[in-house]
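Look at the sequence and the model below.

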Amino acid sequence: MKKLIAFLLIAISLSTMGCSKNNSDAGPEEKIDFTVVDNQSMPEELRDVIREKQENAFQMSANIEGYTYIVVGYGKQDTGGYSIAVEELVQNDKSVKIRTTLIGPTPNEAVNRMETYPLIVVKIEQTDKIIEYL
């Protein structure tokens, strides 16, 4: 039952991903405390959905066990050496906004010559606000 609920929450989040509304009346923005979650620490049902989507760039969120997980994936890359920076994570009365940047390997950096799927999973306290990907 928990997996079904989590899947439905993920599906609902996917249907609203990337939504952008005029939030001029949404009040002041404040930074949000967050944790970057590694593969072993994330819920299995979230890991399964990510595995299905990782080939292409994607954005999603899911409410699972009292937390909101925000995921930004950059799709298949030809090499390793990528990292992702959270440039901004703020909220106002109506939404949570996240801005990330994919950082590629430097020209002289030794990298693995294998396909990778850079993504970041951010965990915040559970929210029902709209997630905006900037």
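Does Glu 65 count as buried or exposed? At 61% relative accessibility, Glu 65 counts as exposed, because exposed means over 50% relative accessible area, buried under 20% and partly exposed in between (1.4 Å probe, protein chains only).

The model is predicted: local features need pLDDT of at least 70, side-chain atom pairs count only at pLDDT 80 or more, and totals for chains, interfaces and linings use all residues. Residues are numbered from 1 along each chain as its sequence is written, and side-chain values use heavy atoms, with hydrogens and water left out.

Glu 65 is in the loop between β3 and β4. Strand names follow DSSP runs, numbered from the N terminus: strands are E runs of at least two residues, and helices are H or I runs of at least four. The hairpin of β3 and β4 has 2 residues between the strands. Glu 65 has a positive phi of about 50°, although it is not a glycine.

Strand β3 covers residues 57–64. Of its 8 residues, 6 are buried, so β3 is largely enclosed by the rest of the structure. Strand β4 covers residues 67–74 and pairs with β3 in the antiparallel sense over 8 bridges. Two strands count as paired if DSSP finds at least two bridges between them. Ala 57 stands opposite Tyr 74 in β4.

## Two open sheets

Strands of a sheet pair through backbone hydrogen bonds, either parallel or antiparallel. In an open sheet of 4 strands, the order is β2-β7-β4-β3, with antiparallel pairing. At the edges stand β2 (35–36) and β3, each with a single partner strand, so one side of each has no neighbour in the sheet.

Another open sheet of 4 strands has the order β1-β5-β6-β8, and its pairing is mixed. Its edge strands are β1 (30–31) and β8 (130–133), each pairing on one side only. Strand β5 (residues 83–91) pairs with β6 in the antiparallel sense over 8 bridges. Ile 84 has Leu 102 as its bridge partner in β6.

## Thr 100

Where is Thr 100? Its place is in strand β6 (residues 95–103). Thr 100 is buried, with a relative accessible area of 13%. Contact means heavy atoms within 4.5 Å. Not counting residues up to four places away in sequence, Thr 100 touches Val 72, Tyr 74, Ile 84, Ala 85, Val 86, Glu 87 and Ile 120.

## Charged pairs

Side chains of opposite charge can pair when their charged atoms come close. The structure holds 5 salt bridges. A salt bridge is a side-chain nitrogen of Lys or Arg within 4 Å of a carboxyl oxygen of Asp or Glu.

| Salt bridge | Distance |
|---|---|
| Glu 29 and Lys 97 | 2.6 Å |
| Lys 76 and Glu 55 | 3.6 Å |
| Glu 115 and Lys 76 | 3.5 Å |

Take the salt bridge between Glu 29 and Lys 97. Glu 29 lies in the loop between α1 (2–16) and β1, and Lys 97 in strand β6, so the pair ties together parts that are 68 residues apart in sequence. Glu 29 is partly exposed, at 41% relative accessible area. Lys 97 is buried, at 16%.

Which residues are linked in a network of salt bridges? They are Glu 55, Lys 76 and Glu 115. Each is partly exposed: Lys 76 at 34%, Glu 55 at 40% and Glu 115 at 43% relative accessible area.

## Rings

A charge sits over a ring if NZ of Lys or CZ of Arg is within 6 Å of the ring centre and within 35 degrees of the ring normal. The charged end of Lys 123 sits over the ring of Tyr 67, 4.3 Å from its centre.
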